[in-house]
Amino acid sequence: MKKKHLILVSFICLLTGIMIAVQFQSTQIPKKRDTRDLWEVRTAIQEQQKLQQSLYKQIEQTDQTIEKYDKQTEEEKLQTIKNSIENLTQEAGLTEVTGAGVVLTIEPIFVESDELQQYPSLTPDHLNRLINELNSFGAKEIAIENERITNLSPIRYVNGKTYVNNQPLPSLPIKILVLAENPKKLFDYLQVSNSKDNFAIDALDITATLEDDITLPKYDGTINVKWIKVKEIEEAGEN
Amino acid sequence: MWLPALFLVVGILLGFLSNITIPEEYANYLSISVLAAFDTLFGGIRAHLENKFDEKIFISGFFFNVSLAALLAFLGVQLGIDLYLAAVFAFGVRLFQNLSIIRRCFMENLSKHKKLEKFKRK
């Protein structure tokens, strides 16, 4: 090839290369822009700070436990371990719990009308929403009829029936037992909650009563931890 | 022979480093232009192999094809017809044709070389 031709082809190649690169860059998805304003960023920072505080507290508590282990004799160590195990089983919902709380009764609403009314049933969607709401209102422990809700409790719809912890729920009325640190607050929240309206659409009525002494049953299935793994996290400053 | 390839790489690098992006609406035009550029390049290689390379035709072909393709796409958008498909089709067919001719030329060259070597050995 003549030198002039070669340079010409090279120049066209250069142009083509630039075009390809620009095209490639343009078709890639652009990076998401941060569109938060000052206030949103500030609240985000505050949230993170709160999280940091609570994490620091947790670290402090764990450090104290470790210190206790170090200082104690064999027998006392055993006692500390037993205490921790007891705490953990309680948290996991493997023990009966008694305390002050709220009892919710879900009943069907019957309306006097000529239309034929079906007997309403409780769907998992209802229950999921209600449980989420209860949790956000400060519920500590929840049990639906005789089924204790743990972190791994499934709520499913099987063949026209609602199953909790793989046990079918009886037909209405159903009782939901809720323990809370501050039962009065939870009770007040429930009086104005969205769930009441949402349940009413499907002809279900929620009535809440405050009670000082309710006992929640324990979760008596086996907790499947086969797929749970300890996450190894490299701490800052470890390396 | 390596100079065009080198320049292609340099062009791609330049494009990436310059961080230029074009709006999504115009991505169509550029894509068709890239196709036209490819078509011209392969056409040039083919012409070179057939000893028919003409720099004027090559250069004018490049710019004319690229702008015609973009124009066709623009016209298509205005009229509500996917006219750029016509360009894609035409360039695509030409690209394959050119490539097959380039391949054939290479094969012929290769077989010629072999025959020559055999001849020399005898």
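Analyst: Happy to. A word on the UniProt record to begin: its positions are given in the numbering used here, and its annotations may be inferred rather than shown by experiment. The model itself is predicted.

User: Which residues of chain A does the record call a "coiled-coil region", and how much helix does the model have there?

Analyst: The unreviewed UniProt entry places that annotation on residues 59-91 of chain A. In the model, the stretch 59-91 of chain A is 94% helix and 0% strand, with its end C-alpha atoms 18 Å apart.

User: What makes β2(A) and β7(A) a pair?

Analyst: Two strands pair if DSSP finds at least two bridges between them. β2(A) and β7(A) are joined by 5 bridges and run antiparallel, so they count as a pair under that cut-off. Within this part of the model, A139(A) stands opposite A180(A) of β7(A).

User: Why are β3 and β8 of chain A said to stand at the edges?

Analyst: The open sheet has 5 strands with antiparallel pairing, in the order β3-β2-β7-β1-β8 of chain A. β3 (147-149) and β8 of chain A each have a single partner strand, so one side of each lacks a neighbour in the sheet. On average, neighbouring strands are turned by 25 degrees against each other, ignoring direction. A helix joins the picture too: α5(A) packs on the sheet and touches β1, β2, β7 and β8 of chain A. The direction of α5(A) makes about 15 degrees with that of β1(A).

User: What makes a group of residues a nonpolar core, and which residues have the most contacts inside the largest one?

Analyst: The members must be buried residues of the listed nonpolar kinds, joined through C-beta atoms within 7 Å. The largest such core has 28 residues, and those with the most contacts inside it are V102(A), I142(A), I144(A), I176(A) and V178(A). Its largest share, 5 residues, comes from β7(A).

Notes
Residues numbered from 1 in each chain as written. Chains lettered and ligands numbered in written order. Predicted model: local features only at pLDDT ≥ 70, side-chain atom pairs only at ≥ 80, totals over all residues. Buried ≥ 20, exposed ≤ 12 C-beta atoms within 10 Å, placed from the backbone. Helix = DSSP H or I, 4+ residues; strand = E, 2+ residues; numbered from the N terminus. Axes fitted to C-alpha atoms, helices over the stretch in contact; angles between N-to-C directions. Contact = placed C-beta atoms within 7 Å.
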